[in-house]
Amino acid sequence: MQAGIVGVCTGGVVVVVRKKRSHQEGVIMILMVFALLMSVGAMGVFSVGFVAWKKGQLQNIADIVALTAAKQMADGPEFTEALAVGRLNGLEPSDGFKLECLVDGQPSAQCTESISVRVTVSRRVSAILPFLKDVTISVLAEATTTPRVVGTVGSNLLNLDTRQSALLNGLLSALGGGQINLSALQYGTLLGSDINLDLLALKTSLDVANLDELLDLRISALNLLNEALIVGNADEAEKAMVGGVLKLLKPLNKVDLKLGDLLAVNLTGQGPGPVMVNLGSLAQVALLKSVEGQSYSLPINVGLLNLSVDTQILQAPQIFVGVKKPFLDPIVEANTAQIGLAVRIRQGLNLNILLVQLSALDMSLQLKVAGGLVEVNDIQCHMPRQANEVTLTVVPAVAEVCISKSAANLKTSVGGLSCGAPATVLDVTLLGLIKAGVTASASASLRNYPEEIVMGGQAPYSETVPLSLNQTLESLLGNIKLKLGIDLPVVGPLLTATVNGLVSTLLAALGPVLSPILGAVGAILDGLLQVLGVNLNEVTVNVDQLDCMNATLTR
């Protein structure tokens, strides 16, 4: 018989019985071992998954902290807000934690110059099985920000009065294509608009591939403003009001502009996110750029004072758009306005001197306010946003004045003003017989030092900052030293002494009379220049966008 088989004889019958018990026990043992191995494997997989899950949690914390810190680089290296956000999202006191500012990929203590951060977090994770060891997991995250600033300097067109709107109407009408007669209120609707537009949306609307092509695009001033209005972030009612004003500015359709002439742009390293520009600011620089090189004579009558102010925009101001990079200074720089004025001053003189008869004053004055610059030197992003700072350096305009027949370089944007010969400003009759002409000449200049301005707050905002010069055209002209002379015909020896005495008396009396007249002229010109973007005594900075929220994970 075979092994494991037993024969039993019962009543002559043989019964065969197999022995299965030992075989069954072996199978069960194998199954138990297999099950145990599977359980251990499952627990191992679960342990690995648990560690991976914990690592994912830790990575999320590191990412959140890095993004938050990148939006407040100026608060480093402490980054109080970022650390608080991390704790709210699960960062534990026992965790290993390091937050570093990066410059060119290397750790740096100069967080105010940095635009990148690195966060390293480590945590000890207890094993879920007694025979497994505890593990320490570590994660790393890096984030980069691209702080952006958009604004203008010097423009004050939104504060137009009737006289100033007449000047703009005249300059725009000189373009041809129709007479412009907008009121100060209508100009305010357009130039004071708080509608904002994204340059990236404008790029799409004008069907160009990128921002560089947008800046190189030539387009009529009117089409540009209409397209900007279409993509602006306003409701239809507000757009309709602004659009109604644009319909009245048909001469702008005759002027082709390059957007890059209106915007001083440095977007190197520009990350994702909108680049917002204020429509009112864009309209202001577009208007002044459109009339660049045009001349318009504005008559102004104040009491007995009659002025004819021939105005020419030599250089239009620009909107600045810049992105911060480490140790980049300036971030961006933009032009301010440059204006040329030729003024004819006429006024009757209430001056009575014995034996002297005077005609009305007729004086020529030339003024050139050479365009300055604004540099954006730094952007500091803080938490809270009200503590954000923009540092700018304003290189103020240089004012040059001539009282003469004419002045060279008055209508060019290069070179200083060169005064011509003395001009006859009034006629005089001495002793009822001798006719002569009184001549006058003068020159003066104001040259301000560059001034650093630190502005804080959450955009948009506007701030008017006094300049150290503490001078205006009113005070400059009111105190200018006139060189007065007289062109006398030859007189006989008997009259010479008498005539010389009258001349001395006349010239001594004219100075105090002319000074307040020139001061009044200066006050009028101050107002005109301010609306065209020039103020000798202060500068207005408009910050339309200061974006510190544009941060992305880079690792």
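I take helices (H or I, at least four residues) and strands (E, at least two) as DSSP runs, numbered from the N terminus.

**Set-up**

I am working on a predicted model, where local features need pLDDT of at least 70, side-chain atom pairs count only at pLDDT 80 or more, and totals for chains, interfaces and linings use all residues. Residues are numbered from 1 along each chain as its sequence is written, and side-chain values use heavy atoms, with hydrogens and water left out.

**Backbone, positive phi**

I started with Asp104. I found it in the loop between β3 (96-103) and β4 (106-108). Buried or exposed, I asked of Asp104? I call a residue buried under 20% relative accessible area, exposed over 50% and partly exposed in between (1.4 Å probe, protein chains only). Asp104 counts as exposed because its relative accessibility is 73%.

Next I looked up Asp207. I placed it in the loop between α5 (199-205) and α6 (211-216). Asp207 is not a glycine, yet its phi is positive, about 60°. Asp207 has 69% relative accessibility, so I count it as exposed.

I noted these because most residues other than glycine have a negative phi, and most peptide bonds are trans.

**Backbone, cis bonds**

Then I turned to peptide bonds. The bond from Asp329 to Pro330 is cis, with omega near 0°. Where does Pro330 lie? I find Pro330 in the loop between β15 (319-323) and β16 (332-335).

The bond from Met383 to Pro384 is also cis, and its omega is near 0°. Pro384 sits in the loop between β20 (373-380) and β21 (389-395).

**Whole chain**

I read off 12 helices and 31 strands for the chain. The chain has 555 residues, and 48% of them count as buried.

I took a contact as heavy atoms within 4.5 Å. Among contacts in the chain with a separation of 6 or more, 74% come from residues 24 or more positions apart.

For surface I used accessible areas from the Shrake-Rupley method with a 1.4 Å probe; for residues, only the protein chains shown count as cover. The chain exposes about 25,900 Å². Carbon and sulfur atoms supply 55% of that area.

**Salt bridges**

Side chains of opposite charge can pair when their charged atoms come close. My rule for a salt bridge is a side-chain nitrogen of Lys or Arg within 4 Å of a carboxyl oxygen of Asp or Glu. How many salt bridges did I get by this rule? The count comes to 10.

I looked at Arg124 and Asp134, whose side chains form a salt bridge at 3.7 Å, N to O. The pair links distant parts of the chain, 10 residues apart: Arg124 is in strand β5 (residues 116-125), and Asp134 is in the loop between β5 and β6 (135-145). Arg124 counts as exposed because its relative accessible area is 58%. Asp134 is at 36% relative accessibility, so I log it as partly exposed.

Glu292 and Lys289 also meet in a salt bridge, 3.0 Å from N to O. Glu292 has a relative accessible area of 28%, so it is partly exposed.

Asp378 pairs with Lys324, and their closest N and O atoms are 3.2 Å apart. This pair links distant parts of the chain as well, with Asp378 in strand β20 and Lys324 in the loop between β15 and β16, 54 residues apart. I found both Asp378 and Lys324 buried.

Last, I noted a network: Glu92, Asp95 and Arg123 are joined by salt bridges that share partners.
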